[in-house]
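I went through it topic by topic and wrote down what I looked up.

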Amino acid sequence: MRFLVIGYGTAGQTAASTIRKLSREAEVIVLERHRYPIYHPCSLPMVLSGRLDLDDVVERRPWPGVEVRTESNVISVNLDRKKVTYERRGDLESLDFDKLIISTGLKPTFPQVEGLDLEGVGTVWDVESVEHLLGIMGDKIVVVGGSATGIEVSAELAHTGKDVTLLEMEDQLMPGKIDPPIASLAAKTLSSLEVKVRVKTPLRSIIGRSGRVSEVIGGNARYEADTVIVVTGARPNSTLAEKAGLKVGVTGGVVVDEYFYTSSKQVLAAGDVAEVKDFITGRPTTTGLASTAMVQGKIAGQNCIGRFTRYEGAVSPFIVSVGKYLLGGVGLTASLAERLGITHATFRIAASDLPRYMEGRDRLVLWLVTDSMGRILGGQVFGKRGVRDRVAMLTLAIVNRMRLQDLRKIPLPYNPEVCDVADPLAMLSDAIFLRRSVT
């Protein structure tokens, strides 16, 4: 059988390699539009600051047994004939398939303002976009969009001594992804790096002289700039699937069932382009996260060859670098719970990340969202150490429908160079348990 994969991002890579691992006789062909098979978009902000070279974030070798045809721009998918037509290096070619996996990811979105075509304006999306930015980078930079990428780009460039201003149209950074108390910590940390953070400041226009950007109008203010980096969001790259006649949902993603099959029984979709169910709310969602795309690609690859596994829904854990600090989260925010009318409670604790006698200890902040019975719905963590560990633990707790009180029963590994014997999560669950017991 021939299995065809469109897009060799995280979901496509994992799906293709899974098929090959489980079925040695399978023919697996991938069509990838870039000139290189694999790149790592989450590392691109570090390329801008010089911590990594462009070559460091590109891989040239695909999974053994998987044929990757780079520079292949898919033009159409004919579901009736089970045929894909694509352009490669100026030639039109076509391929038949028995099963098709669409993993075309996301595409960037930009505000509808004047000046986006000026020299000195760019984005951080793929190797080509960062290569372009490196060639035009000045010293006075305005980053538009307080997304995860906007935060990381701002922090990275501030470390190089650039004059950085970050504009966000909403009243906090990463709106919809984190709650205000954690967003405030991220903003304060960026400010300590001398990034000028401006919330409630939508981009109005980009102004240039002699064809090059000279200033930005954001909100009611003007900001001098010789470089503008626009990272205002993304949406599912589902145009190809929609043109083929596949159902696209309310999020703009390709609608899939719990096995990642689309409205066609010969076609699956996985990763950022797929509209899946949110694990907690059951609402349709898309994720835009590499770790989630990897899991989806793995399951789609299995299901593609008939080894059926159900996908329970997305919990979407993430981590964002904010200078020397990390911001992590998973599950439902209190803001979204409020908007959806979900009864919930929030809990916050600030504790030391190391025992009090250890040099270099710092503060670790946890923000948790539970239902009325204490079941964990979501959480966010901010600190220098142990952020990933706590986010991973909260992810497991959500997937296993644990209550915060259940964490009191779990012994956790301890070493004074890594953590305190009393983990902040356990401390918080103890405090809630004792408070409820007394009342």
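## Valine 144

I started in strand E12 (residues 140–144), where valine 144 has its place. The model is a predicted one, and I read each entry below with that in mind.

Is valine 144 buried or exposed? Its relative accessible area is 4%, and I count valine 144 as buried because the limit for that class is under 20%.

I then listed what valine 144 touches, leaving out residues up to four places away in sequence. The list is Leu167, Leu203, Val228, Ile229, Val230, Val231 and Thr232. I looked up the C-alpha distance to one of them, valine 230, and got 4.8 Å. Valine 144 and valine 230 are 86 residues apart along the chain.

## Helix H3

Next I took helix H3, residues 127–136, and asked which of its residues are buried. I noted Val127, Ser129, Val130, Leu133 and Ile136.

In the salt bridge search I found a network that links Arg35, Glu128 and Glu131.

## Helices H1 and H7

I looked at how helix H1 (residues 10–22) packs with helix H7 (residues 290–304). The angle is about 35 degrees and the axes are 7 Å apart. The crossing of H1 and H7 is right-handed. On the H1 side I listed Thr10, Ala11, Thr14, Ala15, Thr18, Ile19 and Leu22 as making the contact. On the H7 side the contact residues are Ala290, Ala293, Met294, Gly297, Lys298, Gly301, Gln302 and Cys304.

I wrote a reminder beside both lists: an α-helix has 3.6 residues a turn, so residues three or four places apart point the same way.

## Salt bridges

How many salt bridges are there? I get a count of 21. I followed up some pairs one by one.

Arginine 51 and glutamate 156 meet through their side chains at 2.5 Å, N to O. This pair links distant parts of the chain, with arginine 51 in the loop between H2 and E4 and glutamate 156 in helix H4 (residues 148–159), 105 residues apart. I checked how open each end is: arginine 51 is exposed at 56% relative accessible area, whereas glutamate 156 is buried at 9%.

Glutamate 71 and arginine 89 form a salt bridge at 3.2 Å, N to O. They are 18 residues apart, glutamate 71 in the loop between strand E5 (66–69) and strand E6 (72–78), arginine 89 in the loop between strand E7 (83–88) and strand E8 (91–96). Glutamate 71 is partly exposed, with 32% relative accessible area.

For glutamate 258 and arginine 310, the closest N and O atoms of the salt bridge are 2.9 Å apart. Glutamate 258 is in the loop between strand E20 (254–255) and strand E21 (267–269), and arginine 310 is in the loop between H7 and strand E24 (318–322), 52 residues away. I noted glutamate 258 as partly exposed at 33% and arginine 310 as partly exposed at 37%.

## Positive phi

I then looked for positive phi in residues other than glycine. Arginine 89 came up again, with phi near 55 degrees. It has 54% relative accessibility and counts as exposed.

I also wrote down methionine 174, with phi near 45 degrees. Its place is in the loop between strand E13 (163–167) and helix H5 (180–192). Is methionine 174 buried or exposed? At 5% relative accessibility, methionine 174 counts as buried.

## A nonpolar surface patch

Last, I looked at the surface. Tyr357, Tyr414 and Val421 make a nonpolar patch of about 350 Å². I looked up where valine 421 is and found it in the loop between helix H9 (387–399) and helix H10 (424–438). Valine 421 has a relative accessible area of 59%, so I count it as exposed.

Technical notes: Residues numbered from 1 in each chain as written. Predicted model: local features only at pLDDT ≥ 70, side-chain atom pairs only at ≥ 80, totals over all residues. Heavy atoms only, no water. Patch = residues over 30% accessible without salt bridge, like charges linked within 9 Å, V, L, I, M, F, W, Y side chains within 5 Å. Areas by Shrake-Rupley, 256 points an atom, 1.4 Å probe, with all protein chains shown as cover. Salt bridge = Lys/Arg side-chain N within 4 Å of Asp/Glu carboxyl O. Helix = DSSP H or I, 4+ residues; strand = E, 2+ residues; numbered from the N terminus. Buried < 20%, exposed > 50% of the residue type's maximum accessible area, 1.4 Å probe, protein only. Axes fitted to C-alpha atoms, helices over the stretch in contact; angles between N-to-C directions. Left-handed = near helix turned anticlockwise from the far one by under 90°. Contact = heavy atoms within 4.5 Å.
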